[in-house]
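The sequence and the structure come next.

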Amino acid sequence: MSTESTVGTLCYKIAQRLTAQGIAIAPGKPGDRLSYFDDWQNQATTLMSKVDEWMNTGYPMPEGPQVIAPSHNWICVAKSGGVQCSDVDDYAECLKRGMPPLPEGVFTVDSAGSTTGNKIHLPYRSTPETDALGNRAVYLDPADKTSAKIFELKVHNVSWCGPWQQRADGGVY
(Lines give C-alpha, C1' and ligand atoms only; values in the text may rest on other atoms or scores of the structure.)
Protein backbone atom coordinates (compact mmCIF):
# COMPACT_ATOMS: atom_id res chain seq x y z
CA MET A 1 0.00 0.00 0.00
CA SER A 2 1.48 3.36 -0.95
CA THR A 3 1.49 6.47 1.21
CA GLU A 4 -1.04 8.01 -1.19
CA SER A 5 -3.49 5.17 -0.57
CA THR A 6 -3.10 5.24 3.24
CA VAL A 7 -3.45 9.01 3.72
CA GLY A 8 -7.19 9.06 3.06
CA THR A 9 -8.01 6.18 5.41
CA LEU A 10 -9.78 6.69 8.74
CA CYS A 11 -6.89 4.88 10.44
CA TYR A 12 -4.40 7.44 9.08
CA LYS A 13 -6.63 10.42 9.90
CA ILE A 14 -7.08 9.21 13.49
CA ALA A 15 -3.29 8.84 13.79
CA GLN A 16 -2.92 12.43 12.56
CA ARG A 17 -5.41 13.75 15.12
CA LEU A 18 -3.82 11.85 18.01
CA THR A 19 -0.19 12.66 17.20
CA ALA A 20 -1.07 16.33 16.56
CA GLN A 21 -2.23 16.45 20.18
CA GLY A 22 1.09 14.99 21.32
CA ILE A 23 -0.42 11.59 22.11
CA ALA A 24 2.00 8.69 21.59
CA ILE A 25 0.40 5.82 19.67
CA ALA A 26 1.18 2.21 18.84
CA PRO A 27 -0.76 -0.15 16.58
CA GLY A 28 -3.40 -2.49 17.92
CA LYS A 29 -5.43 -5.22 16.32
CA PRO A 30 -8.70 -4.31 14.59
CA GLY A 31 -11.44 -3.66 17.16
CA ASP A 32 -9.09 -3.91 20.12
CA ARG A 33 -7.91 -1.43 22.74
CA LEU A 34 -4.69 -3.23 23.66
CA SER A 35 -1.51 -3.72 21.68
CA TYR A 36 -0.06 -7.16 21.13
CA PHE A 37 2.79 -5.89 18.98
CA ASP A 38 6.36 -6.40 20.23
CA ASP A 39 7.86 -3.57 22.30
CA TRP A 40 4.80 -1.35 21.76
CA GLN A 41 5.56 0.70 24.88
CA ASN A 42 8.93 1.78 23.48
CA GLN A 43 7.87 1.91 19.83
CA ALA A 44 4.92 4.25 20.54
CA THR A 45 5.36 7.47 18.61
CA THR A 46 4.05 10.97 18.07
CA LEU A 47 5.69 11.12 14.62
CA MET A 48 3.57 10.69 11.51
CA SER A 49 6.71 9.65 9.61
CA LYS A 50 6.80 6.54 11.84
CA VAL A 51 3.06 5.92 11.24
CA ASP A 52 3.73 6.18 7.49
CA GLU A 53 6.50 3.61 7.84
CA TRP A 54 4.27 1.22 9.81
CA MET A 55 1.42 1.54 7.31
CA ASN A 56 3.61 1.16 4.24
CA THR A 57 6.66 -0.96 5.05
CA GLY A 58 5.61 -2.50 8.36
CA TYR A 59 5.95 -2.48 12.12
CA PRO A 60 9.08 -4.33 13.33
CA MET A 61 8.26 -7.86 14.50
CA PRO A 62 10.62 -10.83 15.11
CA GLU A 63 9.12 -12.72 12.15
CA GLY A 64 9.50 -9.65 9.93
CA PRO A 65 7.68 -6.35 9.43
CA GLN A 66 3.89 -6.37 9.71
CA VAL A 67 2.10 -3.72 7.67
CA ILE A 68 -0.50 -1.85 9.70
CA ALA A 69 -3.69 -2.02 7.65
CA PRO A 70 -6.44 0.61 7.66
CA SER A 71 -8.57 -1.79 9.75
CA HIS A 72 -6.13 -1.69 12.69
CA ASN A 73 -6.77 0.48 15.76
CA TRP A 74 -4.33 2.88 17.39
CA ILE A 75 -3.52 2.42 21.05
CA CYS A 76 -2.68 5.54 23.05
CA VAL A 77 0.38 5.18 25.28
CA ALA A 78 0.94 7.40 28.32
CA LYS A 79 4.36 9.05 28.39
CA SER A 80 6.28 10.91 31.08
CA GLY A 81 6.86 14.38 29.69
CA GLY A 82 4.04 13.87 27.17
CA VAL A 83 0.35 13.08 27.34
CA GLN A 84 -0.88 10.93 30.21
CA CYS A 85 -4.31 9.60 31.16
CA SER A 86 -6.64 9.42 34.12
CA ASP A 87 -8.52 6.15 33.69
CA VAL A 88 -11.79 6.40 35.60
CA ASP A 89 -13.26 2.90 35.85
CA ASP A 90 -16.07 3.85 38.25
CA TYR A 91 -16.95 7.54 37.96
CA ALA A 92 -19.76 7.36 40.52
CA GLU A 93 -17.49 5.75 43.11
CA CYS A 94 -14.72 8.27 42.40
CA LEU A 95 -17.20 11.12 42.99
CA LYS A 96 -18.30 9.51 46.27
CA ARG A 97 -14.66 9.45 47.37
CA GLY A 98 -14.11 13.14 46.69
CA MET A 99 -13.01 13.42 43.08
CA PRO A 100 -14.38 16.68 41.66
CA PRO A 101 -16.88 16.33 38.81
CA LEU A 102 -15.42 16.62 35.33
CA PRO A 103 -15.99 20.05 33.79
CA GLU A 104 -18.69 20.25 31.11
CA GLY A 105 -17.26 19.74 27.63
CA VAL A 106 -13.88 18.30 28.69
CA PHE A 107 -12.44 15.81 26.16
CA THR A 108 -12.90 12.21 27.30
CA VAL A 109 -12.83 8.78 25.70
CA ASP A 110 -15.54 6.21 26.47
CA SER A 111 -13.25 3.37 27.49
CA ALA A 112 -15.68 0.46 27.55
CA GLY A 113 -18.73 1.40 25.58
CA SER A 114 -20.45 2.38 28.81
CA THR A 115 -23.94 3.74 28.17
CA THR A 116 -23.81 5.45 31.57
CA GLY A 117 -20.55 7.30 30.92
CA ASN A 118 -19.20 5.59 34.01
CA LYS A 119 -15.92 4.39 32.44
CA ILE A 120 -13.86 7.13 30.88
CA HIS A 121 -10.32 8.05 29.90
CA LEU A 122 -9.29 11.64 30.48
CA PRO A 123 -6.04 12.57 28.70
CA TYR A 124 -3.95 15.48 29.95
CA ARG A 125 -0.48 16.97 29.47
CA SER A 126 2.04 15.74 31.99
CA THR A 127 3.71 17.95 34.57
CA PRO A 128 6.77 17.28 36.71
CA GLU A 129 4.33 16.54 39.54
CA THR A 130 2.33 13.92 37.61
CA ASP A 131 5.55 12.38 36.28
CA ALA A 132 6.76 12.02 39.90
CA LEU A 133 3.56 10.21 40.93
CA GLY A 134 4.14 7.36 38.52
CA ASN A 135 1.56 4.76 37.48
CA ARG A 136 -0.87 3.93 40.25
CA ALA A 137 -4.31 2.52 40.93
CA VAL A 138 -7.11 3.09 43.43
CA TYR A 139 -9.12 -0.01 44.35
CA LEU A 140 -12.74 -0.33 45.47
CA ASP A 141 -11.39 -1.93 48.64
CA PRO A 142 -8.04 -0.24 49.36
CA ALA A 143 -6.97 -3.20 51.50
CA ASP A 144 -7.66 -5.70 48.70
CA LYS A 145 -5.62 -5.32 45.47
CA THR A 146 -7.80 -8.02 43.87
CA SER A 147 -10.92 -5.83 44.20
CA ALA A 148 -12.05 -3.75 41.24
CA LYS A 149 -10.00 -0.73 40.22
CA ILE A 150 -12.01 2.48 40.35
CA PHE A 151 -9.24 4.78 39.08
CA GLU A 152 -5.83 4.47 37.43
CA LEU A 153 -3.26 7.18 36.89
CA LYS A 154 -1.50 6.23 33.66
CA VAL A 155 1.79 8.12 33.59
CA HIS A 156 4.31 6.13 31.55
CA ASN A 157 4.22 3.22 29.08
CA VAL A 158 0.66 2.22 29.98
CA SER A 159 -2.00 1.93 27.26
CA TRP A 160 -5.42 3.53 27.00
CA CYS A 161 -7.92 3.15 24.19
CA GLY A 162 -7.73 5.57 21.31
CA PRO A 163 -10.85 7.58 20.48
CA TRP A 164 -12.98 7.48 17.30
CA GLN A 165 -12.24 3.82 16.55
CA GLN A 166 -14.32 0.69 16.14
CA ARG A 167 -14.61 -1.69 19.09
CA ALA A 168 -14.84 -5.44 18.59
CA ASP A 169 -18.51 -5.29 19.66
CA GLY A 170 -19.28 -2.79 16.87
CA GLY A 171 -19.39 0.28 19.11
CA VAL A 172 -16.94 3.18 19.00
CA TYR A 173 -14.42 4.24 21.63
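Trp-164 counts as partly exposed because its relative accessibility is 25%; buried means under 20% relative accessible area, exposed over 50%, and partly exposed in between (1.4 Å probe, protein chains only). Trp-164 lies in the segment after β8 and has a positive phi of about 70° although it is not a glycine. The model is predicted, with local features needing pLDDT of at least 70, side-chain atom pairs counting only at pLDDT 80 or more, and totals for chains, interfaces and linings using all residues. Residues are numbered from 1 along each chain as its sequence is written, and side-chain values use heavy atoms, with hydrogens and water left out.

**Positive phi**

Most residues other than glycine have a negative phi. Asp-39 is another non-glycine residue with a positive phi, here about 55°. Asp-39 sits in the loop between β1 and α3 (40–43) and is partly exposed, with a relative accessible area of 39%. A glycine case follows α4 directly: Gly-58 takes a positive phi of about 120°.

| Residue | Phi |
|---|---|
| Asp-39 | about 55° |
| Gly-58 | about 120° |
| Trp-164 | about 70° |

Helices (H or I, at least four residues) and strands (E, at least two) are DSSP runs, numbered from the N terminus.

**The three-stranded sheet**

Three strands form an open sheet in the order β1-β2-β8, with antiparallel pairing. Two strands pair if DSSP finds at least two bridges between them. β1 (24–28) and β8 (159–161) are the edge strands, each with a single partner strand, so one side of each has no neighbour in the sheet. From one strand to the next the twist averages 45°. Axes are lines fitted to C-alpha atoms, for helices over the stretch in contact, and angles run from 0 to 180 degrees between N-to-C directions. β1 and strand β2 (residues 73–77) run antiparallel and are joined by five bridges. Ala-26 has Ile-75 of β2 as its bridge partner.

**Helices α2 and α4**

Two helices lie across β1 and β2: α2 runs at about 15° to β2, and α4 runs at about 10° to β1. The axes of α2 (residues 10–20) and α4 (residues 48–56) come within 10 Å and cross at roughly 155°. α2 and α4 are therefore roughly antiparallel to each other; angles under 35 degrees count as roughly parallel, over 145 as roughly antiparallel, 65 to 115 as roughly perpendicular and the rest as oblique. The crossing of α2 past α4 is right-handed, meaning that the near helix is turned clockwise from the far one by less than a right angle.

On the α2 side the contact is made by Cys-11, Tyr-12, Ala-15, Gln-16 and Thr-19, and on the α4 side by Met-48, Val-51, Asp-52 and Met-55. Contact means heavy atoms within 4.5 Å. The residues of this contact divide into six nonpolar, two polar and one charged. Ala, Val, Leu, Ile, Met, Phe, Trp, Tyr, Cys and Pro count as nonpolar, Asp, Glu, Lys and Arg as charged, and the others, Gly among them, as polar. In α4, Met-48, Val-51, Asp-52, Trp-54, Met-55 and Asn-56 are buried.

Thr-19 of α2 counts as buried because its relative accessibility is 8%. Apart from neighbours within four places in sequence, Thr-19 is in contact with Ile-25, Thr-45, Thr-46, Leu-47 and Met-48. Thr-19 and Gly-98 are 79 residues apart along the chain, and their C-alpha atoms are separated by 33 Å.

Strand β3 (residues 83–88) pairs in the antiparallel sense with strand β5 (residues 120–125) over six bridges, and Gln-84 has Tyr-124 of β5 as bridge partner. β3 also pairs in the antiparallel sense with strand β7 (residues 149–154), over four bridges, and Val-88 has Phe-151 of β7 as bridge partner.

Which residues point to each side of β3? Val-83, Cys-85 and Asp-87 point one way, Gln-84, Ser-86 and Val-88 the other way, and all are buried. β3 is mostly covered, with six of its six residues buried.
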